[in-house]
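Welcome to my notebook. I wanted to see what surrounds the ligand, and then to look up a residue elsewhere.

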Amino acid sequence: MAKSYMQVKGLVKRFGPFTALNGVDLEVFPGEVHALLGDNGAGKSTLIKILAGVHQPTSGRIFIEDDEVQFRSPRDASAAGIGTVYQDLALNQLMSVTRNFFMGRELKGRLGVLRTKEMDKIAHDEMLKIGIDISDPRQAVGTMSGGQRQTLAIARAIYFGAKVLILDEPTSALGQRQQMEVLKTMMRVRARGDIAIIFITHNEIHSNLVADRFTFLALGQVIGAGTKTELAGEDIRRLMAGGAEMKDLAHELAAI
Ligand SMILES: Nc1ncnc2c1ncn2[C@@H]1O[C@H](COP(=O)(O)OP(=O)(O)OP(=O)(O)O)[C@@H](O)[C@H]1O
Ligand SMILES: [Mg+2]
């Protein structure tokens, strides 16, 4: 079997007395989509914020290609090849595609002159590689569709070195056509073979369409994990339902 790029072992995160993650394991492989599923409050965002260097874990270990790492900041995580695309995409609607693509990392020539043409070409070409042909990279991001914006954020993360691409609910705010565009983009990234994608979603159909591997979280714990072949479709439905049931139960118990 291929070697994993990143391995997470026994991750615990407490916020005061509250345990958001309770011993989570996760392993991601280049050329695979790893769906991270779970109901609201399961701990998905907390997990990825730790991987992105936003939160520090209470305990647990993270390995990148066998070396243990500690991310003290988003910069550390980014330098280790963790690229995160949050739901808000961190794009400025009023600025051009190219400016958003390079935001703060512009290419400059001697005397600090911006290499505008070169940056336009890179933004255009990198997006084209994963399926969107932007005719004018100087158009404002606000004029693009939701799917195109998602692709811009993904292309940018890859261009700046992401080896683990974390996508937080990339399809949730989109119409059906746009959702399919984003799933296609994910499959093109997958086809490169060198990037591990973590796909956070509530959508069982989407995860079944694209994921090679699944991890189900409920109340901060992994309640099921495995490859698509290990988990039959039936298991996936049961695990989704199980997560929701556990959450309902927790609410009932908390109300007593
Ligand atoms: N900064 C924080 N302080 C205290 N509790 C937090 C904090 N961040 C998250 N939590 C709690 O941790 C639990 C897990 O939250 P998290 O946002 O990781 O869930 P999620 O799986 O991403 O849910 P959703 O699907 O709604 O995005 C929740 O009960 C949440 O209230
Ligand atoms: Mg979340």
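My entries on the ligand and on one helix residue follow.

**Ground rules.** I am working with a predicted model, where local features need pLDDT of at least 70, side-chain atom pairs count only at pLDDT 80 or more, and totals for chains, interfaces and linings use all residues. Residues are numbered from 1 along each chain as its sequence is written, chains are lettered from A and ligands numbered from 1 in the order in which they are written, and side-chain values use heavy atoms, with hydrogens and water left out.

**Entry 1: the shell.** I looked up the residues around ligand 1 (a heavy atom within 4 Å) and found F15, F18, A20, D39, N40, G41, A42, G43, K44, S45, T46 and H202. I sorted this shell into four nonpolar, six polar and two charged residues; Gly counts as polar here.

**Entry 2: who supplies it?** Which element gives the largest share of the shell around ligand 1? I found that α1 does, with three residues. Both β2 (18-28) and α1 (44-51) supply at least two; helices (H or I, at least four residues) and strands (E, at least two) are DSSP runs, numbered from the N terminus.

**Entry 3: oxygen atoms.** I checked polar contacts to ligand 1 (N or O pairs within 3.5 Å). A polar side-chain atom of T46 sits 2.6 Å from a ligand 1 oxygen. For G41, a backbone N or O atom is 2.8 Å from a ligand 1 oxygen.

**Entry 4: A191.** I placed A191 in helix α6 (residues 176-192). Buried or exposed? A191 counts as exposed because its relative accessibility is 64%; the cut-offs are under 20% for buried, over 50% for exposed and partly exposed in between (1.4 Å probe, protein chains only).

Technical notes
A polar contact is a pair of N or O atoms within 3.5 Å; within protein, one must be able to donate a hydrogen and the other to accept it, and residues adjacent in sequence count only if both atoms are side-chain atoms.
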